[in-house]
Amino acid sequence: LKPELDGEEILALSVAGIVVLLAIAGGTIAARPRAAVPARNGPTLLIPFASDALHLDGELDEASWRDSARTGSLKANSGREATPYSDARFTWTSSALRIGLYAADQDIVSDDAFDVLVESGGAKHELVVNAKCAVHGVDGVKVACDSDGTLDVPGDMDEEWVVEMEVPFQTLGIVPSAGARVTITIRRCDVDGKHRRQPPDACGVFGPVDLVLSR
Ligand SMILES: [Ca+2]
Ligand SMILES: [Ca+2]
């Protein structure tokens with residue numbers, strides 16, 4: 001047995017190592033498109049019609065919210081439930097998509113926000129609603145919020161904030177009827193007043209999922 005490798009053998013081992021690394025990288029790249037399955041062939045959520053009037057106050061206590069379609073917990077990249085907890089619920093009327101957003105939050109700040117992306121007929125509408133109840137990106141949204149906590153006051157313990165809103169179908173370019181569908185993606189990354197680096201599970205997402213209007 002030779003005690004040491006000669007130059008040719010070291011070169012051969014190095015080339016083998018590079019080949020292995022390239023194979024791993026290739027596998028990673030090849031896996032990406034599978035993660036981004038087009039939503040139109042993906043999961044769907046049936047959205048019930050709401051026949052009641054909405055008292056827009058940030059309280060999701062109308063009967064139609066009780067019967068709404070729910071996302072369950074937004075999910076972190078890890079696949080676990082995002083923490084703090086967030087979810088969304090949906091109903092629809094003859095004029096608007098109703099969206100209820102719930103955010104558990106121990107430190108509510110102005111930068112806390114939900115990002116809602118609605119895709120329909122090739123058009124994208126992205127609205128951002130923050131914990132101050134300011135909406136950006138989509139016109140005509142009716143919104144109210146309710147929070148259990150103190151906005152932008154670090155140090156005390158907050159609990160949650162809730163968004164209740166109606167997004168007009170006209171703005172979204174959708175003719176509302178049973179069977180119509182829109183693709184939705186909802187994201188929330190919790191932030192705190194000190195803008196500390198948040199743990200990875202502080203960002204949650206739902207979707208893209210097709211919402212199918214149903215009766
Ligand atoms: Ca209400
Ligand atoms: Ca927060």
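Strands are DSSP runs of at least two residues, numbered from the N terminus. In this predicted model, that numbering places Gly79 in the loop between S2 and S3. Gly79 counts as partly exposed, at 45% relative accessibility. Its C-alpha lies 8.9 Å from the C-alpha of Asp201, although Gly79 and Asp201 are 122 residues apart in sequence.

Asp201 also takes part in a contact with Arg80: the two side chains form a salt bridge, with 3.0 Å from N to O. Arg80 sits in the loop between strand S2 (69-70) and strand S3 (86-92), and Asp201 in the loop between strand S10 (181-189) and strand S11 (203-213), so this pair ties together parts that are 121 residues apart in sequence. The two partners differ in accessibility. Arg80 has a relative accessible area of 52% and is exposed, because the cut-off for exposed is over 50%. Asp201 has a relative accessible area of 13% and is buried, because buried means under 20%.

The side chains of Arg98 and Glu166 meet at 2.8 Å, N to O, in a salt bridge. Arg98 belongs to strand S4 (residues 96-104) and Glu166 to strand S9 (residues 160-168), so the pair ties together parts that are 68 residues apart in sequence. Arg98 counts as buried at 4% relative accessibility, and Glu166 counts as buried at 15%.

Another salt bridge joins the side chains of Asp210 and Arg181, again given from N to O, at 3.0 Å. Here Asp210 is in strand S11 and Arg181 in strand S10, so the parts tied together are 29 residues apart in sequence. Asp210 is buried, with a relative accessible area of 0%, whereas Arg181 counts as partly exposed at 42% relative accessibility. Arg98 and Glu166 return at this point with a further residue: Asp52, Arg98 and Glu166 are joined into one network by salt bridges that share partners.

Taken by location, the Arg80 and Asp201 pair runs from loop to loop. The Arg98 and Glu166 pair runs from strand S4 to strand S9, and the Asp210 and Arg181 pair from strand S11 to strand S10.

Key
Residues are numbered from 1 along each chain as its sequence is written. Chains are lettered from A and ligands numbered from 1 in the order in which they are written. This is a predicted model: local features need pLDDT of at least 70, side-chain atom pairs count only at pLDDT 80 or more; totals for chains, interfaces and linings use all residues. Side-chain values use heavy atoms; hydrogens and water are left out. A salt bridge is a side-chain nitrogen of Lys or Arg within 4 Å of a carboxyl oxygen of Asp or Glu. Helices (H or I, at least four residues) and strands (E, at least two) are DSSP runs, numbered from the N terminus. Buried means under 20% relative accessible area, exposed over 50%, partly exposed in between (1.4 Å probe, protein chains only).
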